[in-house]
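Good morning, and thank you for the time.

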Amino acid sequence: MEQIRTTIRMPAGLLKAIKDIRNPEEFPTLSDFIRSAVEHYVKELKRKKLTEECLRLAEEEDLAAWTEVDFAEHAERITRAERGEL
């Protein structure tokens, strides 16, 4: 994966809060922590958007067909979609 170096600005209070909660064993550098937090945030935004889209589609569909769905396969498809594989 290509990585690009960038500089970010943040308030001193936020930086202090990050340093207070960062586990140095799990995240050896501040950069590791921020990258992980941003990845988590992006994943949550994608999950929220997908949920909203599913709810929107569910309002338009007859959900009786879902009684015959293989939910394990459906869950796998959702997981793959979250990883960007679909």
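Let me start with a definition: a residue is called buried under 20% relative accessible area, exposed over 50%, and partly exposed in between, using a 1.4 Å probe and protein chains only. The model is predicted, so local features need pLDDT of at least 70 and side-chain atom pairs count only at pLDDT 80 or more, while totals for chains, interfaces and linings use all residues. Residues are numbered from 1 along each chain as its sequence is written, and side-chain values use heavy atoms, with hydrogens and water left out.

I turn to the salt bridges. The term stands for a side-chain nitrogen of Lys or Arg within 4 Å of a carboxyl oxygen of Asp or Glu. Eight of them are found when the whole structure is searched.

Consider helix H2, which covers residues 30–60. Helices here are DSSP runs of H or I with at least four residues, strands are runs of E with at least two, and both are numbered from the N terminus. Within helix H2, glutamate 53 and arginine 56 are three residues apart, so about one helical turn separates them. Their side chains form a salt bridge, at 2.6 Å from N to O. Arginine 56 is partly exposed, because its relative accessibility is 37%. Glutamate 53, at 35%, is partly exposed as well.

A second pair joins arginine 47 to glutamate 82 through a salt bridge of 2.9 Å, N to O. This pair links distant parts of the chain, for arginine 47 belongs to helix H2 and glutamate 82 to helix H3 (residues 71–82), 35 residues apart. Arginine 47 is partly exposed, with 33% relative accessibility, and glutamate 82 is partly exposed at 23%.

Through salt bridges with shared partners, Glu76, Arg80, Arg83 and Glu85 form one network. Arginine 83 has a relative accessible area of 49% and therefore counts as partly exposed; glutamate 76, with 40%, is partly exposed too.

Finally, the surface. Which residues make the nonpolar surface patch? Val38, Tyr41, Val42 and Leu45 make this patch, of about 360 Å². Patches consist of residues with over 30% relative accessible area and no salt bridge, with like charges joined within 9 Å and nonpolar side chains (Val, Leu, Ile, Met, Phe, Trp, Tyr) within 5 Å. Accessible areas come from the Shrake-Rupley method with a 1.4 Å probe, and for residues only the protein chains shown count as cover. Leucine 45 lies in helix H2 and is partly exposed, at 41% relative accessible area.
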